[in-house]
Every structure is written in structure tokens, then in C-alpha cells.
Amino acid sequence: DPILMFFISGAVFTMTGFRAVFDQPFSKVWWLWLASLGIMLSCANAVKFVGLFVILLAGVFTIWQLWDMLGDLSKSLVYIFKHFMARAMCLIALPVAMHMVFF
């Protein structure tokens, strides 16, 4: 369980770091935090399926951010789609690929 706690704490830490660079979209730092979050989520889920709870937390966080962007009428739909695809790539595709490599 200490390994699980390490990856859950790492996922929460990287989610907080990603939130801190929210105003710098698509920068190198932004991509680093987002990819790190995907890696931590994958590792937390690989240790035990209890890691799904931190995936649920990250999912709610992501939906909240995207919903907030969707409500901002100054942002175009293309911009929101780019954010959606970046998150889908780093928070869905990357963890699934890592899980397939692990097992």
C-alpha cells in the first residue's frame, strides 16, 4: 500500500501542478504536468484497482476545467477541442498504453 499511496499522492500533486499552469496552455511546462498526471494515474491503477478513485478525481477535475472553458464565450470551439484532445491523449491514451505495456 505505500507504493499505491506514493502514486496517488503523485497524481494529486501533478494535478495541482497542472492547475497552476492552466494560464499557459500548450506550453512545454503545461504538457509536462499533463503527461506526468497521466503517468501517475496509470501507475496508481497498475498497483491496485483502488487507483480508480484517483482517476475519478482527475476525471471530475478535467470535466470541470473543460466545462469552465466551454462557458467562456471568448474561447473558440476549436480551442476547446484542442484542449479536449490534449487531455484525451495524455489522460486516456497514455495511461491505457502504459497499462498495456505493464500487463
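**View 1. D1 and K48 form a salt bridge, with closest N and O atoms 2.6 Å apart.** A salt bridge here is a side-chain nitrogen of Lys or Arg within 4 Å of a carboxyl oxygen of Asp or Glu. D1 lies in the segment before α1 (2–20) and K48 in the loop between α2 (28–47) and α3 (52–71), so the pair ties together parts 47 residues apart in sequence. D1 is exposed, at 57% relative accessibility. K48 is partly exposed, with a relative accessible area of 39%. Buried means under 20% relative accessible area, exposed over 50%, and partly exposed in between (1.4 Å probe, protein chains only). The model is predicted: local features need pLDDT of at least 70, side-chain atom pairs count only at pLDDT 80 or more, and totals for chains, interfaces and linings use all residues. Residues are numbered from 1 along each chain as its sequence is written, and side-chain values use heavy atoms, leaving out hydrogens and water.

**View 2. D72 and K75 form a salt bridge.** The structure holds two salt bridges. In this one, the closest N and O atoms are 3.0 Å apart. D72 is partly exposed, with 29% relative accessible area. K75 is also partly exposed, at 31% relative accessibility. Side chains of opposite charge can pair when their charged atoms come close.

**View 3. W30 is buried, with a relative accessible area of 0%.** W30 belongs to helix α2. Not counting residues up to four places away in sequence, W30 touches F18, V21, Q24, P25, H83, A86 and R87. Contact means heavy atoms within 4.5 Å. From C-alpha to C-alpha, W30 and K75 are 18 Å apart in space. In sequence, W30 and K75 are 45 residues apart.

**View 4. S42 is buried in this model, at 2% relative accessibility.** S42 lies in helix α2. With residues up to four places away in sequence not counted, S42 touches P95, M98, H99 and F102.

**View 5. T62 is in contact with R87 and L91.** That list leaves aside neighbours of T62 within four places in sequence. T62 is found in helix α3. T62 counts as buried, at 11% relative accessibility.

View 6. Along the sequence the pattern is α-α-α-α. The radius of gyration is 14 Å, close to the 13 Å that the globule rule gives for 103 residues, so the protein is as compact as a globular protein of that length. That radius is taken over C-alpha atoms, and the rule is 2.2 Å times the number of residues to the power 0.38. Helices (H or I, at least four residues) and strands (E, at least two) are DSSP runs, numbered from the N terminus. The C-alpha trace spans about 45 × 25 × 25 Å along its principal axes. Of the 103 residues, 35% count as buried. Among contacts between residues at least 6 apart in sequence, 69% join residues at least 24 apart.

**View 7. The protein surface carries 6 positive and 4 negative side chains in the count for the protein.**

Definitions and conventions: Lys and Arg count as positive and Asp and Glu as negative; His and the chain ends are not counted. The place of a charge is taken as NZ of Lys, CZ of Arg, CG of Asp or CD of Glu.
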